[in-house]
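I opened this entry to record what I looked up in the model. The notes follow in the order I made them.

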Amino acid sequence: DNSGNWKNLDTPLSLVIKPPFWRTVPFFILVIIVTLSVIYVIHYFQTKRYLDRQKELETEIEKRTIELVKKNEELEIANQSKNKFFSIVSHDLRSPFSGLIGLIELINDPTNGLNEEKKIELLKLTEISAKNTFDFLETLLTWARSQMNQTACNPELNNLSMLIARNVELK
């Protein structure tokens, strides 16, 4: 009889089978902690990268703003110079035109008592004044084109005494 070797065969044997580690609660908790840590680290570095980029952009904006303010100040100075220049040119054109208008009114006035010789002399003065004013305008246009780099410089010889005499006639 082999019954002595086995004690109480009538009681059931209990066998405990442990699940593999990857199916345990501690493993799931570890996976959740690692996943949350990875998400946090990714979020941290993305946020840091975005903040660094934002600082770079703010620095660039500040630099460009300073440049714009400087250019705006230069533009304001240039605009004031332009206005002063136009004021001077307007004044310089006003005198010859008022002289022309005065001569033409004098010639056209039937009550002035001018003979034909005097009218012809005044017409010649009017022509000279008109040509000088036209030359002045041409010079202004040439200068304006040169400021816009639309003309080439073509130096030429001129009779200085004739230029001076012509400019003296303008006054």
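I took contact to mean heavy atoms within 4.5 Å. Helices (H or I, at least four residues) and strands (E, at least two) are DSSP runs, numbered from the N terminus.

I noted that this is a predicted model, where local features need pLDDT of at least 70 and side-chain atom pairs count only at pLDDT 80 or more, while totals for chains, interfaces and linings use all residues. Residues are numbered from 1 along each chain as its sequence is written, and side-chain values use heavy atoms, with hydrogens and water left out.

Overall fold. I listed three helices and zero strands, in the order α-α-α from the N terminus.

Helix H1. I found 84 residues in H1 and a reach of 117 Å from its first C-alpha to its last, close to the expected 124 Å (1.5 Å times one less than the number of residues). I then looked up burial (under 20% relative accessible area; exposed is over 50%, partly exposed in between; 1.4 Å probe, protein chains only). In H1, Val89, Leu93, Pro96, Leu100, Leu103 and Ile107 are buried. Helix H2 (116-147) is included in what covers the buried residues of H1.

Burial in total. I recorded 8% of the 171 residues in the protein as buried.

Isoleucine 42. I placed this residue in helix H1 (residues 25-108). Is isoleucine 42 buried or partly exposed? I read a relative accessible area of 46%, which means isoleucine 42 is partly exposed.

Contacts. Of the contacts in the protein with a separation of 6 or more, I noted that 57% join residues 24 or more positions apart.
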